[in-house]
Amino acid sequence: MTLLTMIIFPILKMILLLSLPFLFIGVINKVKAKFAGKQGASIFQPYFDFNRLMNKGEVISETSTAIFRVAPVINLACLIVAAMLVTVIHFEGDFILFSYLLALGKFVSVAAAMDTGSSFEGMGASREVSYTSLIEPAFFIIISSICAMNGVYSFASLAHLFWSNNDIMILIALATVFALFLIILIEGSRVPIDDPKTHLELTMIHEVMVLDNSGVDLAFIQYGAALKMMLFTTIITMTIAPLSFVGSVLVALAIAVLIGIIESLCARIRLTHIIEYTFTLIVAALIVMALVLLIMHGGHL
Amino acid sequence: MKLIVLALIIYLFGAVTQYFFKENQKCNYLIALNTIATMLAVGGTLGCFVSQSYNQDLMFEFGNTLVNVVLSLDGLSAFFVLIIAVVSWLAMIYSKGYLAKYVEAGKSVNSHYFCFNIFVMAMILVVLSQNIFAFLIAWEIMSFSSFLLMLFDADQASVRKTAMRYLVTMHIGVLFLIAGFVLLNIKTGSIWFFDFNGQVTPLIYGLMFIGFGIKAGLVPVHTWLPKAHPVAPSHISALMSGVMIKTGIYGILRMTQLLNQPSAGLGYTILAVGLATALLGILYATGQRDFKKMLAYSSVENMGIITLAIGLGILGIAYHNVGLKTLGFLGCFMHIINHAVFKPLMFFAAGAVYNKTHTKDMEKLGGLAKVMPKTAFCFLIGSMALCALPPFNGFISEFLIYYGFLNSFNTPNYLLIPVMILAMAGLAFVGATAMVAFTSAYSTIFLGTPRTEKAEHVKNDVPLSMTAPMILLVVILTLIGLFPQYSILIIGGATTELVQFIYPVEILTVISFFNITLLVTVGILLLVRQAFLAGKTVTVRNTWGCGYDKGTAKVQYTSTSFTRPFLGFLNPFYVRVMEFKHIKELFPEKTSFKSKIYDIFEYYIINPLVKFDENLLSKFYWIQSGNTQRYLWYSILALIIAICLVLGGKI
């Protein structure tokens, strides 16, 4: 039993987490297609694209240096190690390492984009670092507030938040899920922050950073982008369905459908207003903190 | 202890005897001597850490108790001696390559090297001195010798002006220190530090905190720092930034050690000062075009993080929270080491760029990674460490601090918890801003294509004497990042001087495991990439420009444009001054645009104060007329007054 719960389960979870990201993207695209009244590609299409890219050669910018070639690899490695933190093992302060691993991935991606000397990629890089700058603070406020409440200083503190008898606890869970969902949209460069399907370089954020990447590198980058969304989705599933395997997969699929719906119904925000929009995250985080303090004072609704 | 005194003697000996060597031989000679001195100092301190035999005193008696000098080595001093010795040794090696051009051009480096060794000696004496007089004298020698070192390019008026400003600021700091020491002396009747134990009251602590804070560059008294560091030669900037400003931190820690039952309010105050320093420091770093100035502001940020950690430690003592006080001080010492590793590294790399291009404006550079690969690599790793990214050392200290924040939740105090959560978010925002600053700096200097001729003309990397210290520092910071659990010896030794603690070895082992896992994963994925690319065509073409391939280097993003969206929403915290000649007629000839970011404290507080001071003092210019007759009148007047006073006393 211990062997099963201690080793097999986490490893299965890890494998699941690493294999699902493209399905996640596939579902989003399918939902969008249905909304547009189209048949849409198979939900497995991203896997085929990945396969195609992995078997291609590369075109590399003559301006670039070594960091351009290793950045996709480092970024993906960071995300895989971060995936271990949300599935295999929990330790005190794991969310800090998680956050900084993502930051490392972002650092090298931004440097690689700047490496090409292209003004478009510079734009993307600049936007990426600016728009994501509030994620870490908000993320830390949320997770550490919940840690303070539970006395457990790791991702494990998120479990059972939703299934509590305390009304405030459920409010906390709602605010947390909302904020995490917003983080998925920002980190994953989805509508209303960025439109992954846009065709104008001037208005893109994430896609424009990788204009010069091709072949294996592009495959790594696309997989990494999907995995990053999946990581935050996993954190949401920890809150909603901490124990059940099937439950967490279902929650993940529901989130994908929700993203698809939002992308179909919403327009993206004007570029100059995105930072204001990301302040919503800080507000949600502060609400979580306030509610936690209320609970610690023994408050009820 | 004897080893360290021997090292001090060697520094002094080197400072004097280098006068007998030829200009181009001086550096080799001093490197040889300082290597011995460094080995002695490192041996002495490590021996002290390993055997845990602190409080080795050495007394130099001169008959009169006032001038007796006691040098004492405890964990705290040993920690700082170690850093000073190692960093100054690397700076000495680096100076060989850096100053070679000046020596060839016939510039004398006599006084520079003299001051260098005296400076190192004074810094070590500052952390060893155990009485007020010895401490203040060493402190003054340190300030003054660094002032002289800054004047290396004294033929430039701006350098002279900045150096004077530095000297004046340092002396304002000393005034606060003297006031604090006088109060201590009145209270205890002693001049010895060990008599002050438990006698430091909040007022004295406050005075000392301001005095030492000026040296450490804490907000709002940091404004000298970003001006002073860029004008000095790079190895001196490295030494000042990496080591000297930490003597201010040493002073604060020493006072904390002597503090009588710190209150929580004090802890919160220090925490707030630290956080404000970190946030503003890194914000202004982001807005700089001068890369050395940017690094100087980043030092302000790091001093802020260290101070914040001290604040955590004091809060831990006040609330009797073992985890918090342990991790606060451990994080503080770890960050001191880390900053002493990566900041010299960055200044060395920046100096290498300056040496090759003769400009400090990063927007005139670009594409240097191809011609200066070693420097670029070191700068990149240093930037990552500064942004506290794993698997490098910066992450370890920030993790300890974050972990301290988490441990504060053990104390169910409803003021402490929200403050800690928000401070944590603040520190996270510092990290995010650091990322903007350093991705911008690295990409603007080293990536893309050269923006001006200055960068185009660079053909090769700097010589070995300049790259070797950098590579050594890169190795050190990677090792600390990968195996942080072994740092117990040094940072633990320093922390025991302040609090009893339990060392969090398990958590650091876990971090070490993940850092190594990260490297292994990168390795595996690189192999995967290689395997898939094997046998495929890899074409090298020009960068995608939307179908347009005649773009020039000028269309590239610069640091100003890169940071613009980010700084856009933080505009209440800085002053952006723009000068733009508006186009008024048809067929305009030439126009220009300038934009510069100022510090709010400098712009609204320090500069008006200086201006007021200048206006006030200029009213007294007539006293110094340069007229001999008038001076004679002054002495006669003084004599008459003196006689009157004496006679008045008699009657």
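Two residues count as being in contact if their C-beta atoms, placed from the backbone, lie within 7 Å. The model is predicted, so local features need pLDDT of at least 70 and side-chain atom pairs pLDDT 80 or more, while totals for chains, interfaces and linings use all residues. Residues are numbered from 1 along each chain as its sequence is written, with chains lettered from A and ligands numbered from 1 in the order in which they are written.

On that basis, and leaving aside neighbours within four places in sequence, A:Thr203 touches A:Thr198 and A:Leu271. A:Thr203 sits in the loop between helices H8 (167-187) and H9 (206-209) of chain A; helices here are DSSP runs of H or I, at least four residues, numbered from the N terminus.

As for helix packing, the axes of H3 (residues 45-54) and H10 (residues 215-240) of chain A come within 7 Å and cross at roughly 150°; axes are lines fitted to C-alpha atoms over the stretch in contact, and angles run from 0 to 180 degrees between N-to-C directions. That makes H3(A) roughly antiparallel to H10(A), the label for angles over 145 degrees. On the H3(A) side, the contact is made by A:Phe50, A:Leu53 and A:Met54. H10(A) supplies A:Gly215, A:Val216, A:Leu218, A:Ala219, A:Gln222 and A:Tyr223.

Note on methods
Helix = DSSP H or I, 4+ residues; strand = E, 2+ residues; numbered from the N terminus. Parallel < 35°, antiparallel > 145°, perpendicular 65-115°, else oblique.
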